[in-house]
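I opened the notebook to go through the model chain by chain. These are the entries, in the order in which I looked things up.

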Amino acid sequence: MMARYQLSATVTARPQVTGDIVRLALLAPAVSQAATPGQFVMVRSAVALDPLLRRPFSVCRVNGDGTLEILVKVIGQGTRGLAALKVGDQVDLLGPLGHGFVMPDQGRACLVGGGIGAAPLLFLAQKLGERLPASDIQVLLGARTGAEAMALALPFRDLGLPVQLATDDGTAGHHGLVGELLAALTSGAFPTQVYACGPHPMLAAVARISTDRGWPCQVSTEAIMACGLGACLGCAVPRNGGRGYLHVCKQGPVFEAGELQW
Amino acid sequence: MVSMVSHDLDLRVSLAGLTLKNPVMAASGTFGYGKEFADFVPPEALGAVVVKGISLAARPGNPPPRIVETACGMLNAIGLENEGVDGFLSRKLPFLRERGATVVVNILGDCVEDYAALAARLAAAAGIAALEVNISCPNVRHGGVAFGTDPTMAAEVTRAVKAASSLPVIVKLSPNVTDIAAMARAVEAAGADAISLINTLLGMAIDANTRQPRLANVVGGLSGPAIKPVALRMVWQAARAVAIPVIGIGGIATAADAVEFLLAGATAVQVGTANFVNPSATLDIITGLSAYLATHQIATVRELIGALQL
């Protein structure tokens with residue numbers, strides 16, 4: 001098994017991405033160097049007993065200065081506390097954890113993200129960019145609003161990658177679902193590998209479209225988990241064919257779409 | 001400073017015929033089979049590792065969601081997912097045996113015969129120090145809680161396990177009873193070598209927005225710091241009721257927590273949910289116990305057992 005670390009990491013930057021999403025940069029050279037795209041970290045900021053459990057976050061990007069970044073969307077008490085951290089604050093970091101994306105050395109990759117699900121795809125795009133020409137990496141991002149979509153797309157565009165947007169409110173790109181962008185790809189742009197991360201209904205749609213067209217599809221999933229280490233068995237997801245469960249923290253968070261029951 | 005004197009500090013405790021190098025055990029279901037935590041805790045450094053509960057046949061566990069965080073704690077309804085005794089013996093136990101860990105195997109069944117068959121299988125394997133009989137998991141419909149809340153049934157299971165195996169037998173008690181002392185006395189009379197308590201408290205969480213339960217199983221077991229006062233009270237009551245050793249469990253996250261359980265009458269403690277929050281929790285507690293002994297100039301941790309001043 002690859003090295004995993006538990007360490008104290010300093011917040012070195014915390015730019016606001018949108019109204020409720022903050023990008024936290026955490027100084028953790030060992031974790032940053034060991035992480036591969038699709039892996040996650042478990043983060044805890046409190047010294048108090050409430051909230052008690054760590055929160056899992058996909059690694060969003062690693063930087064040459066030893067930092068790694070995560071996208072924190074405020075959902076509850078735990079994420080509110082993390083989003084309120086200031087530069088210089090410490091977090092307790094555990095990782096890198098889980099099984100990440102399998103990356104090809106050739107072909108065309110299509111990265112499909114929904115909202116905060118863009119996070120692991122950015123790290124993936126970073127690493128794919130070392131293997132494939134930018135013209136062979138297509139990025140499709142869905143978001144609630146144009147402002148959110150633009151903010152999530154910015155770092156992909158900074159990598160020189162083409163990004164297509166879909167928004168719920170129609171204020172940028174396609175007015176509709178990001179899965180519809182995938183379904184509308186024309187034959188010259190057909191991918192040899194689809195990567196997806198986002199809300200469950202979006203993943204299910206992307207998995208279905210990919211399966212129908214015969215495109216291999218890897219999905220990054222999420223689940224409520226306590227330990228991240230394969231001990232609590234809390235993060236169960238149904239295995240395809242009704243044969244029990246897989247665990248997001250250990251066999252995942254990235255699965256072949258066909259491994260899961262949609 | 002602490003490390004200089006810690007060589008002289010005696011953390012050993014004895015229970016159920018075993019001498020543990022320290023009184024800190026990892027609780028069943030919170031530490032996997034040791035390997036999951038090996039990057040953070042050498043399993044052989046612990047008093048014992050109590051492995052995730054094992055049944056005769058593999059169990060898939062409950063549908064998700066299986067866990068939910070609550071104030072200072074969490075609810076779980078994992079549903080005793082495990083790969084069965086054969087998988088345990090061939091794929092899980094060898095690692096712990098090679099590391100020289102003190103292994104306690106938590107066993108669970110649907111009927112008395114299941115427990116006896118498990119005990120017999122495990123007694124024939126090398127590298128197991130003791131059995132912990134799980135009569136208290138609230139998450140399965142058959143067995144489980146029925147054994148754990150009825151003194152007659154609990155005694156029957158205890159007798160069957162004792163008869164089927166020569167291994168020391170620890171019976172893990174449920175807190176979901178009116179009279180914990182009666183349960184403790186019943187399993188002691190049936191031959192238990194030690195008792196451990198408490199398992200999780202039956203609880204529930206509801207999402208006010210969706211009007212749905214937060215666990216697919218609707219109810220689950222509450223653990224974590226939230227339950228520590230209940231656990232301390234029950235350990236104190238049980239320790240006064242029986243002569244066999246008591247292992248304290250429930251919300252232990254720090255060395256001070258462990259000391260409190262020892263004072264209440266526990267001979268050893270198990271650390272559970274804290275492993276999820278801090279994978280190194282068990283080691284931190286062992287280090288903290290040494291520091292406590294040094295600070296209070298106590299030669300052996302055994303002096304703390306039942307030393308509550310009333």
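Accessible areas in these entries come from the Shrake-Rupley method with a 1.4 Å probe. I also note at the start that this is a predicted model.

**Entry: chain A overall**

I took the surface of chain A to begin with. The accessible surface comes to about 10300 Å². Carbon and sulfur atoms hold 56% of that area.

I then looked up the secondary structure. Chain A has 6 helices and 17 strands. I boxed the C-alpha atoms along the principal axes and got roughly 55 × 40 × 35 Å.

Burial came next. Of the 262 residues in chain A, 56% are buried. I also checked contact range. Among contacts in chain A with a separation of 6 or more, 64% are between residues 24 or more positions apart.

**Entry: helix α6 of chain A**

I asked what length helix α6 of chain A should span. The helix covers residues 200–213, which is 14 residues.

Which residues of α6(A) are buried? I listed M202(A), L203(A), A204(A), A205(A), V206(A), A207(A), I209(A) and S210(A). I kept a reminder beside the list: an α-helix has 3.6 residues a turn, so residues three or four places apart point the same way.

After the helix comes G214(A), with a positive phi near 80 degrees.

L233(A) sits in the loop between β14 (217–220) and β15 (236–238) of chain A. Is L233(A) buried or exposed? Its relative accessibility is 14%; the cut-off for burial is under 20%, so L233(A) counts as buried.

I went on to omega. The peptide bond from G252(A) to P253(A) is cis, with omega near 5 degrees. P253(A) lies in the loop between β16 (245–247) and β17 (254–256) of chain A.

**Entry: chain B overall**

I repeated the survey for chain B. The secondary structure comes to 10 helices and 16 strands. The radius of gyration is 18 Å against 19 Å from the globule rule for 310 residues, so chain B is as compact as a globular protein of that length. The C-alpha box along the principal axes is roughly 50 × 50 × 40 Å.

Buried residues make up 61% of the 310 in chain B. For contacts between residues at least 6 apart in sequence, 72% join residues at least 24 apart. The accessible surface of chain B is about 11500 Å², with 54% of it on carbon and sulfur atoms.

**Entry: helix α7 of chain B**

I ran the length check on α7 of chain B, residues 228–241. Its 14 residues should span 20 Å at 1.5 Å a residue, and the end C-alpha atoms are 20 Å apart, which agrees.

The buried residues of α7(B) are K228(B), A231(B), L232(B), M234(B), V235(B), A238(B), A239(B) and A241(B). I noted that the list includes a lysine, K228(B). What do the buried residues pack against? I found α6 (180–189), β10 (194–197), β15 (246–249) and α8 (255–263) of chain B.

**Entry: loops and surface of chain B**

I found a cis peptide bond from P64(B) to P65(B), with omega near 0 degrees. P65(B) is in the loop between β4 (48–54) and β5 (67–70) of chain B.

R211(B) has a positive phi of about 65 degrees and is not a glycine. Its place is the loop between β12 (206–207) and β13 of chain B. R211(B) is exposed, at 75% relative accessible area.

Last, I looked for nonpolar surface. M204(B), I206(B) and V218(B) make a nonpolar patch of about 260 Å². V218(B) lies in the loop between β13 (212–213) and β14 (219–223) of chain B. With a relative accessible area of 34%, V218(B) is partly exposed.

Terms used:
Residues are numbered from 1 along each chain as its sequence is written. Chains are lettered from A and ligands numbered from 1 in the order in which they are written. This is a predicted model: local features need pLDDT of at least 70, side-chain atom pairs count only at pLDDT 80 or more; totals for chains, interfaces and linings use all residues. Side-chain values use heavy atoms; hydrogens and water are left out. Patches are made of residues with over 30% relative accessible area and no salt bridge: like charges are joined within 9 Å, nonpolar side chains (Val, Leu, Ile, Met, Phe, Trp, Tyr) within 5 Å. A salt bridge is a side-chain nitrogen of Lys or Arg within 4 Å of a carboxyl oxygen of Asp or Glu. Helices (H or I, at least four residues) and strands (E, at least two) are DSSP runs, numbered from the N terminus. Buried means under 20% relative accessible area, exposed over 50%, partly exposed in between (1.4 Å probe, protein chains only). The radius of gyration is taken over C-alpha atoms; the globule rule is 2.2 Å times the number of residues to the power 0.38. Contact means heavy atoms within 4.5 Å. The expected span of a helix is 1.5 Å times one less than its number of residues.
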